[in-house]
Amino acid sequence: MTAIMDGPEATKVSDVIVCRDVHKWYGDFEALKGVDLTVEAGEVVVILGPSGSGKSTFIRCMNRLEEHQEGRIIIDGIELTHDVRNISEIRREVGMVFQQFNLFPHLTVLDNITLAPINVRKWSRDRAEELAMKWLTRVGIPEQADKYPGQLSGGQQQRVAIARALTMQPKILLFDEPTSALDPEMISEVLDVMRDLAKAGYTIVAVTHEMGFAREVAQRIIFMDGGQIVEINSPENFFNNPTHERTKLFLSQILNH
Amino acid sequence: MASVTTTTSSKPPVQQRGTFSKKFNLNYFLQDNISGSRGLLIWVSILAIVTVGLLVQQFNNAPGRTWVIFGVWAVAVLGTVVGELFTLHIGATRWLKENMFNNVSNSLMTLFLGLFVAIIGSGLWSWGVANATFDPALTHPDVRTFDGASWGVLWGARKLLLTGLLEPEHNGRVIQWTLTILGLWALSFIGTRESTRETGWGTWVRRIANVGWVLSPFISYIFLAGLEYTEPFIDTRRFILGTVLVVAVMAILWFFKVIQLNPMTTAMWVLAWPAAYLLWRGITLVSHNAEIFTPIDVDRWGGLLLTVIFAIFVNILSFPIGILLALGRRADVQGIPYWILWPIAIALTAWGLYTSTFGNCIGTPSFLCENVNLWATSRNTVEQIIAFWPLLIPLATWAFLRSFDGNFLQAFSVLFIEIIRGVPLITLLFMAIIMAPFFLPEDSQGLSNFWAVIVGYTIFSSSYMAELVRGGLQAIPKGQYEAADSLGINTLQKYRFIILPQALRILIPPLAGAVIGTFKSSSLVALVGMIDLVGSTKAIIANSQWLGLRTELYVFMFVLYFLVSSIVSWYSRRLEDQAGLGVR
């Protein structure tokens, strides 16, 4: 195992994500109402909450897919501002996995993965393909490298998307409901990969509805509702002794359906 | 299912050749074909009456032919009926039943269309072949046989039809150019075939063809327009200006992080213009001394040559312009802020008001000082009001800020596209030819008609292309943009590698439509006095030697336009098949 595979060693400077009083409006609707969050290097944070609570918006603000209007977001020591150079520098260090996979359908799996390393990191094709194959092996589908995304199952596509994000050697990984668009029997193969990454020491912020995954892997669970963070707790306390009434209601709804 | 015996009930019945599971039922047949609805009954009756009428008329006109057609039809109906009633279908009768005689109205249609095609075909045959003459010597009105076509006109007028007024000594160059382009096309075709695509030499063929296509505008220009040598060998002004321009564009792109520069690429871009310029001048000098590519007046191009040149030029130019306009219309760049715009607007307004009402030319540069002081020279109230035109500047500023938020790129693209699309092509062509000289300096030679029309036509075509391309861009899911962004890919790379390849694939069918449309609409330039295919046809018809031979020429034009359009659409389908490889 190379150093790359075992997670970034350079993230010893703690607090790689710092959000202070983040506000976000869509027109008149306030999606985020002053969110504060600090994530340390190597930490796995799971964001839970009912739909419309602003959790997706929040993590999409972390790599500027959405623009926040007030407050500060500092990723790996770089503040997200209008400066295009800052944004592209941050996006290089932050990998993201989407609910709908968002693979490029006109490129093969291997080209999907190597496109960004070759053009953004300026690696040689050989180097990029070598690392891409390592990651494809790690997520368990090296034999699919020359196929097109449309020929793969949903679970395989999502694993390609994870490999694509990781081949850029990001310091932080964002997961935006990575299993929500998958058939039930394919969820576990993606969760296994995510568990593996968490153990390898990646800094992970994940929005998910997989309670088992959250309980097992997360170091902290953040519960959001109505654009605010309602509760931050350890997984045991969150599921066994939630402090907030809203959390109790949410847990009773999802656990007793 | 008479002959089939089954041992278990769960086994599906085996259907034998020549049998049908559905038995013929007269009631159902009548209901399906006649009595099912009133509309159907009326339609079948009208069709029957018209067909019988046509049949009787044709019996009187040409009994032999009509007997044959009716006989074939009757035999086919009989075969179908026998096959249907006695479950004795063979391949041919089943095909007839499914395609020609599957109900009463379609059976009648078959007879009707058979008669119709026979009438048209025999008429065309007797006009175009049986009674026609192919002798170019027999096309003059005095010696013409009037009951058939005189195809000789096509041969007699071939010069005007193919190249218009081009001097005959240049014909060889046109042929060489045609062969070059066809050769390039053949190379591309071979290089992209399924069997050669993956092989090593196929890749090389493709590469050579691609380089050829990139250079093809220059090759075409050298062949068709020739090279004019003027002293001095190197025009210092153009030499330096070109270099500065290229470097400036690169610097801007680099500043906005669209491209990255290292010493190698920087040197390449700095030397690009000088190298290209020297090469061009070198070719010119050699050609001048050896008198190979002597200059041709572009306004002498004509006929099919001109039509093809228009189509190629306009399509090749308007496509990239259209992409840029589409991207501009969608550009989400930081607008020019109001605190920069308003002071400039107010200053301009004040200056404009001053010069058009009180101003005089003392101490003003002469180019700023033409037609100033409209107030003093005004003759009536309307002209006095016009003197206050600078008041429109704040209005425009306000509209610009309000509608586009200071986004200059978007404003330019939207206004360009909407204004040009709102004007008929013929208006633009007239403007290009008649009005453009008014805007040019008086002492200049002015544009030749050809270039004026190319500019006007390209502007028109690119605004349509822009909207096509925009449609393609909007068809790409938002997730593709987001995935690209999340990987840190910059805007240029995002469009180059991810968005445009997918969008252009979607756009192949509508783009083929646009290419065909541009090709056919180029016939409008005949209205502004250009001798393209349509223009030369008009000239031939008016020529006393071929007076009145319009049908032959229009048929020829029809065939030519149809052929080229079909080739384009066939090629686009081939492209579609190739491009579809990735999305399975």
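In this predicted model, Glu198(B) is found in the loop of chain B that runs between α8 (171-191) and α9 (200-224). The relative accessibility of Glu198(B) is 67%, and the residue therefore counts as exposed. Glu198(B) also contributes to a negative surface patch, whose other members are Glu194(B), Glu576(B) and Asp577(B).

Other charged residues of chain B do take part in salt bridges. Side chains of opposite charge can pair when their charged atoms come close. Arg329(B) and Glu418(B) form one such bridge, with 3.1 Å between the closest N and O atoms. Because Arg329(B) belongs to helix α12 (residues 303-330) of chain B and Glu418(B) to helix α17 (residues 408-421) of chain B, this pair ties together parts that are 89 residues apart in sequence. Arg329(B) has a relative accessible area of 15% and is therefore buried, since buried means under 20%. Glu418(B), at 35% relative accessibility, counts as partly exposed.

A further bridge in chain B links Arg379(B) to Glu383(B), where the closest N and O atoms are 2.7 Å apart. Here the arginine, Arg379(B), is exposed, with a relative accessibility of 70%.

Asp83(A) and Arg85(A) form a pair whose closest N and O atoms are 3.6 Å apart. Arg85(A) counts as partly exposed at 43% relative accessibility, and Asp83(A) is likewise partly exposed, with a relative accessible area of 31%. A network of salt bridges links residues of chains A and B: its members are Lys24(A), Arg60(A) and Glu66(A), together with Lys478(B) and Glu482(B). Over all chains, the count comes to 28 salt bridges.

The strands of chain A may be followed from β1 onwards. Strand β1 (residues 17-26) of chain A runs antiparallel to strand β2 (residues 29-39) of chain A, and 8 bridges join them. Within this pairing, Tyr26(A) has Phe29(A) in β2(A) as its bridge partner. The two strands form a hairpin with 2 residues between them, and Gly27(A) in the turn adopts a positive phi of about 60°. β1(A) is also joined by 5 bridges to strand β4 (residues 70-75) of chain A, again in an antiparallel arrangement. In that pairing, Arg72(A) of β4(A) is the bridge partner of Arg20(A).

Strand β9 (residues 220-225) of chain A likewise has two pairings described here. With strand β3 (residues 44-48) of chain A, β9(A) runs parallel, and 4 bridges join the two. Ile47(A) is partnered there by Ile222(A) in β9(A). With strand β10 (residues 228-233) of chain A, β9(A) runs antiparallel through 5 bridges. Asp225(A) has Gln228(A) in β10(A) as its bridge partner. β9(A) and β10(A) form a hairpin with 2 residues between them, where Gly226(A) in the turn has a positive phi of about 60°.

Technical notes. Residues numbered from 1 in each chain as written. Chains lettered and ligands numbered in written order. Predicted model: local features only at pLDDT ≥ 70, side-chain atom pairs only at ≥ 80, totals over all residues. Heavy atoms only, no water. Patch = residues over 30% accessible without salt bridge, like charges linked within 9 Å, V, L, I, M, F, W, Y side chains within 5 Å. Areas by Shrake-Rupley, 256 points an atom, 1.4 Å probe, with all protein chains shown as cover. Salt bridge = Lys/Arg side-chain N within 4 Å of Asp/Glu carboxyl O. Lys, Arg positive; Asp, Glu negative; His and termini not counted. Charge placed at Lys NZ, Arg CZ, Asp CG, Glu CD. Buried < 20%, exposed > 50% of the residue type's maximum accessible area, 1.4 Å probe, protein only. Pairing = 2+ DSSP bridges.
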